[in-house]
Amino acid sequence: MTVGKTAVKVVHLGRISYHGALKVQQQHIKQHLDLSSTNPNTLLLCEHEPVYTIGIRQAPYPPKEEQRLKALGADFFRTNRGGLITFHGPGQLVCYPILNLGCFKKSVRWYVCELEKTVINMCSKFGIEATTSPDTGVWVSNNKICAIGIHCGRYITSHGLALNCNTDMSWFDNIVPCGIVGKGVTSLSRELGRDVPTEEAVPKLLEAFAEQFNCTLT
């Protein structure tokens, strides 16, 4: 291990329900609060079954809307992350960093910016020019390729980012993603004109994360 670099453990959860992933996140958050835990900084990687989730600004989604989305065959969850509604499903690489920002920098704004830079770096490894915008997330022109919504309590992070790889993009047609009107969504597959499964994106995302956060992945 490189001296001076924070170690971050990578855990592959595979395909897991959103509810199941919430439970795993809570378990890893508890490890941070357990002083006997030696290396609690963790990256959880997974894909979800189809689910719509909304963040702490919940006003636009009354129960009637919730039922409409459930009728499409997806789950629906209200969460404590930032941001408005988004979709998670097969073909989307979801990354939940459970980090103590005290090991990096105690700034939520810095952390969100570093996540955005990580995804931009990863996209560049695919030859895709991605950028940030005044709206959180990572964009290719006016189309969001990666949604970011986090929670941070006592400088322990949870939730994270969702990168569209070869997602069925029609699920997004039923919502206004992240509540941003007039902008679209895209994926690695759509930008590259070929099928890009999550398995292909994982190593590039991990490489970009290690570079951006100056950490050692284990």
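**Close-up views of a predicted model**

**View 1. Buried residues of helix α5.** The buried residues of α5 are Thr198, Ala201, Val202, Leu205, Leu206, Ala208, Phe209, Ala210 and Phe213; the model shown here, and in every view that follows, is predicted. An α-helix has 3.6 residues a turn, so residues three or four places apart point the same way. The length of α5 can be checked as well: at 1.5 Å a residue, its 16 residues should span 22 Å, and because the C-alpha atoms at its ends lie 21 Å apart, the two values agree.

**View 2. The largest nonpolar core.** This core comprises 37 residues, of which Leu163 and Leu188 touch the most other members. At least two residues are supplied by each of β1 (6–16), β2 (42–48), β6 (92–98), α3 (108–125), β7 (138–140), β8 (143–153), β9 (156–164) and α5 (198–213), and the largest share, seven residues, comes from α5.

**View 3. Surroundings of Leu163.** When neighbours within four places in sequence are left aside, Leu163 is in contact with Gly91, Gln92, Leu93, Val119, Met122, Ile145, Cys146, Leu188 and Ala201. Among these partners, Leu188 is named together with Leu163 as touching the most other members of the largest nonpolar core, while Ala201 is one of the buried residues of α5.

**View 4. The largest cavity.** A search of the whole structure finds two cavities of 30 Å³ or more, and the largest has a volume of about 60 Å³. Its lining is formed by 13 residues, with Thr86, Lys144, Ala147, Asn164 and Phe172 the closest to the cavity centre. By class, the lining residues divide into nine nonpolar, three polar and one charged. At least two lining residues are supplied by each of β5 (86–88), β8 and β9, and the largest share, four residues, comes from β8.

**View 5. Ser141 in the loop between β7 and β8.** Ser141, which is placed in the loop between these two strands, has a positive phi of about 55 degrees although it is not a glycine. With a relative accessible area of 64%, Ser141 is exposed, because this value is over the 50% cut-off.

**View 6. Asn214 at the end of α5.** Just after α5, Asn214 takes a positive phi of about 50 degrees, although this residue is not a glycine. Asn214 lies in the loop between α5 and β11 (215–217). Its relative accessible area is 46%, and Asn214 is therefore partly exposed, since the value falls between the cut-offs of 20% and 50%.

Methods:
Residues are numbered from 1 along each chain as its sequence is written. This is a predicted model: local features need pLDDT of at least 70, side-chain atom pairs count only at pLDDT 80 or more; totals for chains, interfaces and linings use all residues. Side-chain values use heavy atoms; hydrogens and water are left out. A nonpolar core is a set of buried Ala, Val, Leu, Ile, Met, Phe, Trp, Tyr and Cys residues joined through side-chain atoms within 4.5 Å. Buried means under 20% relative accessible area, exposed over 50%, partly exposed in between (1.4 Å probe, protein chains only). Contact means heavy atoms within 4.5 Å. On a 1 Å grid over the protein atoms alone, a cavity is a set of points where a 1.4 Å probe fits but cannot get out, and a pocket is an open set with protein on both sides within 12 Å along at least five of seven lines; lining residues have an atom within 4 Å of a point. Grid points are joined across faces, edges and corners, and a volume is the space filled by probe spheres set on the points. Ala, Val, Leu, Ile, Met, Phe, Trp, Tyr, Cys and Pro count as nonpolar, Asp, Glu, Lys and Arg as charged, and the others, Gly among them, as polar. The expected span of a helix is 1.5 Å times one less than its number of residues.
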